[in-house]
Amino acid sequence: YLTYFLCICLLFVCLSIYNYTYIHFNNLYCILCKTNEENISLLCCFAFELLNGKMLTRLDELKRQEVSRLRMLLKAKLDSTNAQSVQMDHASLLKQFEHLDPHNQNTFEAKDLELLIVTATKDLENFDAERHEEFKRYEMLKEHERREYLKSLDQEKREEEEKRIKELKEKHRQHPKVNAPGSVDQLREVWKETDGLDPQEFNPKTFFKLHDTNGDGVLDEQELEALFTKELEKVYDPKNEEDDMMEMEEERLRMREHVMQNVDLNHDRLVSLEEFLKSTEKKEFNNPNEWETLDDTKPVYTEEELQRFEAELQDREMELGRRAEKLRQEQELLKERSKALEAQKREYQQAVMEMSQKQKEQQALNRQPPSGPNGELQFQQEMQKLANEDSQVVKVPVNQNGVQNNLPAEPPQNLPQHTS
């Protein structure tokens, strides 16, 4: 993330500078290559004089985002150490990060650019050492796994496996001669095989311009490493079981370091045209020593380092075992809790069913209409029939002949009787 943040900040700075003049940009680039403290400060001050307001606003925003990210990291780190109750002093904690000015957390200034360049330079200086250490651990792990596998075999199979491994190593050693990186033979082979030109017409200046792929006037580390591909293909083939591609990348790194040590005079991790042409005038350029591959050199680790590595692996496996056991116990506890919750759920459901049944029985005893699912009353069909009968018109009686009888069926009571 630091590299990403640095690239964005430098991109804004460089774009603004480039819009000024190409000459000034080229001069600043030369200053940046000489990474001493005085020149870096000069670069940063001069760069900020050329920045416009819009660029500065964007840089301020990027810095605030980075400060916010760092605060989140600090909080996560404290949370992981169970220090939630400790009140954080972000201003003090941010001082442990060297790529930003902790005293100014809101605006991006020349001091921030200076710190970014210095920090990135330190990271580049440690990059190769970290790659070598990573490869050493890879080789020790590979040897550890080989030994453990052999221990799991019986005597006969173990001897067969050891014989097979020895044959693979011998097969790997059988490869064409590898030219010393940066020598005339190596460069002429690239001139012929990659560039398709006549080796007898090899020209160092033309070669430099051909392989300065981005046209910036220097050969950087990636451009140099690309020159060694033909030599590495003599030794390593991804289709062969005996060839390890991790070893090939380590070999590529060793070749680049060899060239830098002999060619990079100002140690800026770049090869200028002047440095390249001077290297072709050295005696080692025309008469180099034979290049020794990883197979020809001593192992990258000692037996004592391997034993410490295996002890570290054992401690790590024990720790992982303890964590796995703790997780297993937590899983069992969760299963038990889940069973208890399920039983409690069934008890609640049974209680609800019993309460509902009692409510229905009570309503039947009180002759109350049962309630619906939402509590509304449900009337019986008999009550509906009564309502229908009340709404009907009373029928008039009819005599035997089918004639409507308008007289009442019985004489009215208490009427006076007439005599004839």
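**View 1. Glu247, a buried residue in helix α12.** Glu247 has a relative accessible area of 12%, so it counts as buried (under 20% relative accessible area; exposed is over 50%, with a 1.4 Å probe and protein chains only). Its place is in helix α12, residues 245-263 (helices are DSSP runs of H or I with at least four residues, strands are E runs of at least two, numbered from the N terminus). The model shown here is predicted: local features need pLDDT of at least 70 and side-chain atom pairs pLDDT 80 or more, while totals for chains, interfaces and linings use all residues. Residues are numbered from 1 along each chain as its sequence is written, and side-chain values use heavy atoms, without hydrogens and water.

**View 2. The surroundings of Glu247.** Look for the side chain of Lys142, which makes a polar contact with the side chain of Glu247 at 3.1 Å (N or O atoms within 3.5 Å, one able to donate a hydrogen and the other to accept it; residues adjacent in sequence count only if both atoms are side-chain atoms). Leaving aside neighbours within four places in sequence, the contacts of Glu247 also include Phe135, His172 and Leu294 (heavy atoms within 4.5 Å).

**View 3. Glu290, an exposed loop residue.** Glu290 lies in the loop between α14 (283-286) and α15 (303-365), with 62% relative accessibility. Its C-alpha atom is 7.6 Å from that of Val178, 112 residues apart along the chain.

**View 4. Confidence along the chain.** The average pLDDT is 76 (the predictor's confidence in each residue, from 0 to 100). Helix α2 (residues 22-33) has the lowest confidence, at a mean of 44, and helix α9 (residues 204-211) the highest, at 94.
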